[in-house]
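Here's a quick walk through one chain and its ligand. Have a look at the fold before reading on.

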Amino acid sequence: MGIINVLPSEIFNRIAAGEVVVKPASIVKELVENSIDAGASRISIEINDGGKEIKVIDDGCGMDEIDISSAFLPHATSKISSLSDLDEISTLGFRGEAIPSIAAVSNVTIISRREEDELGCIVNSVNGHAARPEKCGAKKGTTVHVKDLFKNIPARLKFLRKDKTEENDIISLTDKLILANFNVSFQLIIDGKEVRSSSGKGLNEAVFAVYGRDYLKENDYVNATMSGITLYGYINKPAFSKHNRNFQTLIVNGRYVVIQDISFWIYNSFSSFLMKRQYPAYVLFIDLPADMIDINVHPSKIEIKFIDINTIKKLLSSVIYASLEKGASQPKEITLDKVVEKKEVPIVKEEPAKIESAKIKSSFINAPESRKSFFDKAIKVKSTPEDELSDSLNGNKRRKY
Ligand SMILES: Nc1ncnc2c1ncn2[C@@H]1O[C@H](COP(=O)(O)OP(=O)(O)OP(=O)(O)O)[C@@H](O)[C@H]1O
Ligand SMILES: [Mg+2]
């Protein structure tokens, strides 16, 4: 007799939760991404008890009675339906495992109403078992209330860190989500106190909310295109470098991602302008055709793979050098420590990238002549009025649901 079992969904979901729900911030990420995919324009995140209780409220498209039940089933998603959809994912979620995974390690209540429905519906799930939905009065949109996180899983509960640490992780994640979704208004409330809020009125407002007025005023907005790839956002001048990596935000096709290879490349491109233990502070958006990336490489979807990472690196280096050269008259101190000596020489130094168009807030003022002509060849630098920038950014279309 065979010894292989097909696992019941209860066990399967608990296993999936091990990868999807690493900490309270993972739940916030999944729920907010669902709200974004639902086309929400306002998202409120409420946290209590160090993230063991999380409520995310949105004004998105909502769900009907059937879908609110289906959402708890493993591999149930409205976002893809065929194999070919996997090659062109335009939503943040697509795996159909976040809600069942979260429900497997907590108690969850979802209340939702679609605009066209008079009444909303409510479902309670206890330890991964969802009850039948019931009709109820509700605002348009969806509220997901997660309680008792890891209460029945002592091994996972033990690994939660101090409340403050989990909260700080959630704050830092919310900052990234605010930047990545700059046309959505966010509010983060921890233990009844509002700790973050953003207007949803474009990138400049989001950068202001997260990085502060001085950062926005003093640093460079960049915008460049090469081989169908667009790079835009803010790169700091050396004087605005930070003592940690918290101010590094990379957003690819609207998705906040962490790609070690790219972070290291950006650091290397900056390194001769940085003092020891200083790190660049940037918020950079890369937009490219969906078939040029593979999102399906990690359950948490925070890591992705570029099909052609070298072109991305060339574009990044060119834009970073152009931006740094502008402010090169005031580097605080150039430190050549071992790390810098070991660094890989960015390709662009030897082979200027052919950038089709680029904008940097002001022209090169202080760059030496030799560098100026190098960058003149690589990048066409234009003076760009602030309002033109913010208009073009506000016009950035969100993905379709
Ligand atoms: N806030 C929401 N508003 C409207 N629909 C939602 C919301 N949250 C979840 N859903 C619905 O429930 C389904 C399941 O959500 P879930 O997060 O589990 O999977 P997913 O988003 O499709 O994929 P992933 O597991 O990659 O996040 C979604 O596909 C969506 O149809
Ligand atoms: Mg999801």
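## Ground rules

This is a predicted model, in which local features need pLDDT of at least 70 and side-chain atom pairs count only at pLDDT 80 or more, while totals for chains, interfaces and linings use all residues. Residues are numbered from 1 along each chain as its sequence is written, with chains lettered from A and ligands numbered from 1 in the order in which they are written.

## The chain overall

The chain has 13 helices and 17 strands; these are DSSP runs numbered from the N terminus (helices H or I, at least four residues; strands E, at least two). Of its 401 residues, 43% are buried, meaning that 20 or more other C-beta atoms, placed from the backbone, lie within 10 Å of the residue's own.

Take contacts between residues at least 6 apart in sequence: 70% of them join residues at least 24 apart. A contact here is a pair of C-beta atoms, placed from the backbone, within 7 Å.

## H2 against H6

Back to that pair: H2 and H6 pack at about 30°, their axes 8 Å apart. Axes are lines fitted to C-alpha atoms over the stretch in contact, and angles run from 0 to 180 degrees between N-to-C directions. H2 and H6 are therefore roughly parallel (angles under 35 degrees; over 145 is roughly antiparallel).

From H2 come Pro24, Ala25, Val28, Lys29 and Val32, and from H6 Glu166, Asp169, Ile170, Leu173 and Leu177. By class, that's 7 nonpolar, no polar and 3 charged residues. Ala, Val, Leu, Ile, Met, Phe, Trp, Tyr, Cys and Pro count as nonpolar, Asp, Glu, Lys and Arg as charged, and the others, Gly among them, as polar.

## H6 against H7

H6 (residues 163-180) also packs with H7 (residues 203-211), at about 165° with axes 8 Å apart. That makes the two roughly antiparallel, and H6 passes H7 in a left-handed crossing.

Asp175, Ile178 and Leu179 of H6 meet Ala206, Val207, Ala209 and Val210 of H7. This contact has 6 nonpolar residues, no polar ones and 1 charged.

## Around ligand 1

Ligand 1 has 23 residues around it, of which Asn34, Thr77, Ser78, Gly93 and Ala98 come nearest; a residue counts if its C-beta atom, placed from the backbone, lies within 6 Å. Helices H2 (24-37) and H4 (98-104) are the elements giving two or more residues to the shell. H2 gives the most, with 3. Overall, the shell has 8 nonpolar, 9 polar and 6 charged residues.

Conventions
A residue is buried if 20 or more other C-beta atoms lie within 10 Å of its own, exposed if 12 or fewer, and partly exposed in between; C-beta atoms are placed from the backbone. Two residues are in contact if their C-beta atoms, placed from the backbone, lie within 7 Å. Angles under 35 degrees count as roughly parallel, over 145 as roughly antiparallel, 65 to 115 as roughly perpendicular and the rest as oblique. A crossing is left-handed if the near helix is turned anticlockwise from the far one by less than a right angle, and right-handed if clockwise.
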